[in-house]
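Let's take a walk through a protein together, starting from the inside and working our way out. Have a look at the picture first.

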Amino acid sequence: MDRRPRPHAVVIGAAYRLLVEWVLGVEIPWRTKVGSGVRVYHGVGVVINDRTVIGNNVGIRQNVTIGNKGAAGPCPVIEDDVEIGAGAIIVGGIRIGKGARIAAGALVTKDVPPGYMAIGNPSVLRPPLAVSADTTPA
């Protein structure tokens, strides 16, 4: 089986890299598994490893790095509805749970449970805020 890329694929790949990586400053390789509704806000400096898996409705701010710790190491899995703050770094074979929040500047190297927030460098996990029935305005 011939594994060489087709000529049109090489042209499309080169155009993609030129536009997205060089002009827009966003490195999201075409092989990266990205769900629907993913938003990249102010994408300059965003670098995502091609083995990362990103779910649906994820928000990513500027200067975010998502990848592995070593050359061939595992990459993160980001579940649905996650928000990632500016300058956050998420590395290793970890899972960021559904609805989690990664604060700006956080260094995340361990799993974040669904709904939790990771804050700081190294990150500390904060549980979701409980919503009380007593807080309804009169």
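Start in the middle: the largest nonpolar core has 23 residues. A nonpolar core here is a set of buried Ala, Val, Leu, Ile, Met, Phe, Trp, Tyr and Cys residues joined through side-chain atoms within 4.5 Å, and buried means under 20% relative accessible area (exposed is over 50%, partly exposed in between; 1.4 Å probe, protein chains only). Ile60, Ile78, Ile84, Ile90, Ile96, Ile102 and Val108 have the most contacts inside that core.

A quick word on the model: it is predicted, so local features need pLDDT of at least 70 and side-chain atom pairs count only at pLDDT 80 or more, while totals for chains, interfaces and linings use all residues. Residues are numbered from 1 along each chain as its sequence is written, and side-chain values use heavy atoms, with hydrogens and water left out.

Now zoom in on isoleucine 60. Skipping neighbours within four places in sequence, isoleucine 60 touches Val38, Arg39, Val40, Tyr41, Val46, Ile48, Ile54 and Ile84, where contact means heavy atoms within 4.5 Å.

Step back, and you'll find one helix and 15 strands. These are DSSP runs numbered from the N terminus: helices are H or I with at least four residues, strands E with at least two. Of the 138 residues, 30% count as buried.

What about leucine 24? This residue sits in the loop between helix 1 (7–23) and strand 1 (26–27), and it counts as partly exposed because its relative accessibility is 44%.
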